[in-house]
Amino acid sequence: MSDDFFTKLEGLLSSQDAAYSDAASFVASLGIPSASVAILDNGSISAHTFSTVGDGTDTLFQACSISKPMAGLATMKLIEEGKLQLDDTLPHLVEPDVWAILSQGAGPEKLALLETVTLTQLLSHTAGFSIHGFQGYVPGATLPTVREILIGRSPANTRPIELTGLPGFCHSYSGGGFTVLQLVLEKAAQLPFPKLMQKLVLDPLGMTRSFYALQPEEKDYASAYFTGYTPADVPAVNIPEQAAAGLWTTPSDLLKAVHAVQLSLSAGEGEITYLRREIAQQMLTEVDGGYGLSWRAPRDKGDGFGHSGQNWPGWICFAFGYADLKSFLGDAPEGADPLLTGCGISIMTNSCEGAEGAMKIVEAIGYLKGWPNHPQITAARWVPLQAVGTETPTDWKEWTGTWVDDDKRVFTVAHNSAGQPTFLFAKLPPLRLVPAAIVPEVYSGKGSSIDLRIPALEMMIRLGWNGEARIVQVWYGGNLSVTDLKKAD
């Protein structure tokens with residue numbers, strides 16, 4: 001892909017607000033000093049960085065929880081090698097001293113449950129282990145060993161990792177479970193975690209800008225910020241919980257992993273890919289809560305896989321790839337439109353305020369590329385950017401009139417004196433609507449949604465369908481909500 005696409009993206013970003021002279025300045029106003037973007041298009045990766053602080057496409061960012069599916073890839077490789085099986089249980093997966101830590105103080109009932117925890121459950125966040133995430137350790141702080149983290153003993157800054165739920169009962173996101181997995185992998189590979197990841201994932205996939213610790217000579221890494229302008233108290237923290245959140249990398253390297261999975265999914269009989277096809281399919285089959293084995297891969301949508309991540313004090317990132325999951329799950333309807341293959345997006349930011357801006361950029365990329373809605377790597381629905389310079393489709397007028405929500409509050413789709421669409425809530429003044437830079441929803445037999453931003457607010461109006469009935473959706477970025485409206489009687 002040439003630089004022409006990023007020129008278009010720069011133009012869209014810089015056109016949002018006349019107060020900002022260029023795209024990087026506008027991105028900073030969204031809370032992000034550096035947004036590093038990579039795009040996978042038909043197997044080819046290109047990258048660009050929007051930065052007011054000098055970061056570039058080779059600058060390292062913390063991958064945060066995207067570290068988890070990278071550890072998942074190593075797990076699946078060890079399964080291929082016959083060193084692990086998905087139904088292996090915890091007493092057989094960890095060293096005796098680790099089992100002693102995990103079972104310490106457990107009564108007969110909890111011990112019996114611990115003995116049933118499987119590798120599948122660790123990978124899918126259904127094992128029932130505690131600790132959602134980790135805050136890391138400031139530079140100069142004494143780092144705990146992984147075993148000390150399990151116990152919750154000083155210098156660890158988290159409580160003990162314990163079984164708190166029924167194994168297999170439900171999805172409960174657990175960085176603690178992936179810290180147990182870190183020790184499982186070390187036992188199976190007989191290597192320290194960074195070395196086994198180098199051997200099984202980073203080297204085979206050519207992820208040459210990916211590391212589990214910053215080396216003293218490394219200078220090209222992003223520093224954490226609280227906002228687009230205010231540096232965090234420390235430039236970065238150290239993460240000994242490496243499988244859960246410890247990878248430093250670039251968006252381009254993450255897309256190398258994404259593409260390797262895509263190629264594995266589509267491999268023909270006897271074709272050599274990173275993973276055998278059946279192993280890749282197993283990895284992306286949903287277990288519970290929208291997660292397969294380490295990746296988010298919701299079965300109901302079935303259009304791809306990915307993961308998001310957030311580390312304190314200032315890192316937020318997303319990565320995903322399109323894939324036809326329904327075909328191997330037996331859910332593909334006849335005549336379904338083919339999904340993109342060999343395509344995906346990764347974005348990494350160095351701000352704790354980066355989620356909103358990052359997803360606006362992701363939506364804008366899909367919009368400019370004309371790609372389908374991106375796979376659901378996050379349940380939140382962010383309000384997109386304005387599609388400046390785009391004409392509003394004339395058939396928006398078919399939605400004019402009065403609408404109500406479940407609480408019978410009144411909304412009105414109307415027009416101003418110039419014939420432009422407006423939106424009114426109750427007796428408040430009318431608000432102008434303009435085209436939104438988002439991939440439209442496609443309705444069977446009805447065409448696509450008409451998506452209109454309210455420029456004055458973080459809100460969008462989607463004019464769409466529910467079966468044969470027209471509907472209006474109100475998207476609000478303030479609480480990431482979507483409210484459905486129906487035509488007033």
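**View 1. Packing of helix α3 against helix α9 in the predicted model.** The axes of α3 (residues 67–80) and α9 (residues 175–189) come within 11 Å and cross at roughly 35°. The crossing of these two helices is left-handed. On the α3 side, the contact is made by K68, A71, A74, T75 and L78; on the α9 side, by G175, F178, L181, L185, A188 and A189. Sorted by class, the contact of α3 with α9 has eight nonpolar residues, two polar and one charged. An α-helix has 3.6 residues a turn, so residues three or four places apart point the same way.

**View 2. The open sheet of nine strands.** The strand order is β11-β10-β9-β8-β18-β17-β16-β15-β12, with antiparallel pairing. At the edges stand β11 (431–432) and β12 (434–435); each has a single partner strand, so one side of each is left without a neighbour in the sheet. The partner strand β15 (residues 450–454) runs antiparallel to β12 and is joined to β12 by two bridges. V434 has R453 of β15 as its bridge partner.

**View 3. The open sheet of five strands.** Here the order is β2-β1-β7-β6-β5, and the pairing is antiparallel. The edge positions are taken by β2 (44–51) and β5 (304–311), each paired with a single strand, so one side of each has no neighbour in the sheet. From one strand to the next, the twist averages 10°. Within this sheet, β1 and β7 run antiparallel and are joined by six bridges. I39 has I345 of β7 as its bridge partner.

View 4. Helix α15 (residues 354–369) lies across β1, β6 and β7, running at about 155° to β7. At 1.5 Å a residue, its 16 residues should span 22 Å, and the end C-alpha atoms are 22 Å apart, which agrees. Of the 16 residues of α15, 12 are buried, so the helix is largely enclosed by the rest of the structure. The buried residues are G354, A355, G357, A358, M359, K360, I361, V362, E363, A364, I365 and G366. Just after α15, G370 takes a positive phi of about 75°.

Methods. Residues numbered from 1 in each chain as written. Predicted model: local features only at pLDDT ≥ 70, side-chain atom pairs only at ≥ 80, totals over all residues. Heavy atoms only, no water. Axes fitted to C-alpha atoms, helices over the stretch in contact; angles between N-to-C directions. Helix = DSSP H or I, 4+ residues; strand = E, 2+ residues; numbered from the N terminus. Left-handed = near helix turned anticlockwise from the far one by under 90°. Contact = heavy atoms within 4.5 Å. Nonpolar A, V, L, I, M, F, W, Y, C, P; charged D, E, K, R; others polar. Pairing = 2+ DSSP bridges. Expected span 1.5 Å × (residues − 1). Buried < 20%, exposed > 50% of the residue type's maximum accessible area, 1.4 Å probe, protein only.
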